[in-house]
Each structure stands twice: as C-alpha cells, then as structure tokens.
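Here's a quick briefing to read with the model open beside you. It takes a few spots one at a time, grouped by topic.

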Amino acid sequence: VLSAAKLNDPLNATEASGGFPDSVALRQLAPCDESPAAAAAELMKLPLALQRCCRCCAPQEAQALADGGAGGVIHTAGGGNRKGSGFVPKDAKEEGNQMQKRPVLHSRLYVTVRRAQNLRKADVLLAGGRADPYVIVWLGAEKLGKTAVAWHDLSPVWEQTLSYECVGDLREKFPPEATLIFELKDKDRFRRDDSLGEVSISMQQLYKQALQNPLDAEYNVGPSLKCPQPRGTLCVRVLLTLQ
C-alpha cells in the first residue's frame, strides 16, 4: 500500500478545491485487492475526507468514521483506538456495567415467628399435660432474640417479628452453609426450661427464596439434643433486604 506522502499533488489539489480525489488516486492509495484489515489500517493515517471516499476498500470502518462523531471508540487493525460512531467494544461495555453496579451498603433480615401447632406436652404431671412454649431465634452463633411465652398452649400464635441488621452484604458475613435456627422451649418457673425441638433453615435456601420477597413456610419440628422425640409444626416468615 502506498503512503500518503507519495500522493502530495492529488491530496493538495483536492483539499484546496474542497472536493475529493479522483478514483485513480484512491485506488493507488488503498487498492481494492488489499485485505480489509490492511486497508483499514492505512485509512486511519489519512484525512477524514479521504477516509469517506474509500468505502469500497474498508466499508465497515469507513462507514463508521463517516457517520460518526465524538461517540464511541473504533478498534483498528493496527490495535489503536479512534473516535468514531456509536460502536463500543464489548470489553468497554462490560467495564461500564461493572462500574454502574452499586455495592450493598446495608442488609436487613426480618424473621417472623407466626404460630405452632400440636407441640409436645412437656409438663405431663399437670392437668393431663401442657406446655408453656416460646421460641429463641439464632442466626449462626448470634442470638436474634426470643418470643413471648405462650402460657398453657400447645398451639400458640405469636406473630412476633425479630430483625437483624448489618453494614455491608449479609451474604458475605454468613455463608450458605450457615443456618437460621428456631429453638422451641418450654418455660418452667422453678427449674431449667425444657426443649421442645427445633427448626433449622439453611442460609442457602433463604438467599434463593427470601431475598427481597418474603418466604412463608411451615416446618416440622425436628429433634434437638435434649428433645429426641418432638412433635408439631412451626410456621415462620423470613425476608432479606439488601440496600
């Protein structure tokens, strides 16, 4: 491909007149039998007027340069960048999308203990058996709180909400292997409280089902270390919000 220095006369003549060079000069500068990549690389060295006339040699690059302004970036065959049409390379788009993503600044976990049904009778010697249940909620090793005591009730209704807040993303602090535990207890006035079993929910399930939308579910009460044979169900609602 001939350089622009070898066409001084045609170039000067056309620029002075405000017109375009003839087709012979263009074909000497960027002949049509050259590859589009080579023609595009040579075109980037020329004035914009010449580039507009060489669409037959590199139609995509010339069209983008002719139609563009100060919009996107065009990658040439030589590896350089040039301002051109609205075309933006894929890498630049992905980088822009990542910059637009906002980091999570605050997380809130709302846990509502709704009700239980048919719990185990802990005090079997009193009036044919009864229980005074309440629930302790644990997030991993952290205690979120506990509900009020439902006196003399095997199917209590609490509808009590506990919350946990932290700075940053809760998913980074508690991995999917962590658990949200509902520990059911029987309140005793003069001795240690008895266990009525527990319900365990993995954080992986909450991240999938309770993120920005509440999860309402009823679980069978499972065994604990001090209650190998529990009974009954527990209904809860969990919601995780990220801001």
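A pocket here is an open set of grid points with protein on both sides within 12 Å along at least five of seven lines, and a lining residue has an atom within 4 Å of one of those points. Keep in mind that you're looking at a predicted model.

**The largest pocket**
- The largest pocket holds about 160 Å³ of space.
- Its lining is made up of 11 residues, and those nearest the centre are R130, D132, K187, D188 and R189.
- What sort of residues line the largest pocket? The lining splits into 7 charged, 3 nonpolar and 1 polar.

- You'll find R130 in the loop between strand 3 (106-117) and strand 4.
- R130 has a relative accessible area of 27%, so it counts as partly exposed, the class between the 20% and 50% cut-offs.
- If you skip neighbours within four places in sequence, R130 is in contact with K121, A122, D123, H152 and L154.
- With one of these, H152, there's a polar contact from side chain to side chain at 3.1 Å.
- R130 and D153 sit 23 residues apart in sequence, yet their C-alpha atoms are 6.9 Å apart in space.

- Strand 4 (133-139) and strand 5 (142-146) pair in the antiparallel sense, over 4 bridges.
- Is A141 buried or exposed? A141 is exposed, because its relative accessibility is 76% and the cut-off is over 50%.
- Follow A141 across to A178 and you'll go 37 residues along the sequence, but 9.2 Å in space, C-alpha to C-alpha.

**T112 in strand 3**
- T112 belongs to strand 3.
- At 11% relative accessibility, T112 falls under the 20% cut-off and so counts as buried.
- Leaving out residues up to four places away in sequence, T112 touches E159, Q160 and T161, along with C235, V236 and R237.
- Which residue does the T112 side chain make a polar contact with? The partner is T161, again through its side chain, at 2.8 Å.

Technical notes:
Residues numbered from 1 in each chain as written. Predicted model: local features only at pLDDT ≥ 70, side-chain atom pairs only at ≥ 80, totals over all residues. Heavy atoms only, no water. Helix = DSSP H or I, 4+ residues; strand = E, 2+ residues; numbered from the N terminus. Buried < 20%, exposed > 50% of the residue type's maximum accessible area, 1.4 Å probe, protein only. Contact = heavy atoms within 4.5 Å. Polar contact = N/O pair within 3.5 Å; in protein donor to acceptor, adjacent residues only side chain to side chain. Pairing = 2+ DSSP bridges. 1 Å grid on protein atoms, 1.4 Å probe; cavity = no way out; pocket = protein on both sides within 12 Å on 5 of 7 lines; lining within 4 Å. Points joined across faces, edges and corners; volume = space filled by probe spheres on them. Nonpolar A, V, L, I, M, F, W, Y, C, P; charged D, E, K, R; others polar.
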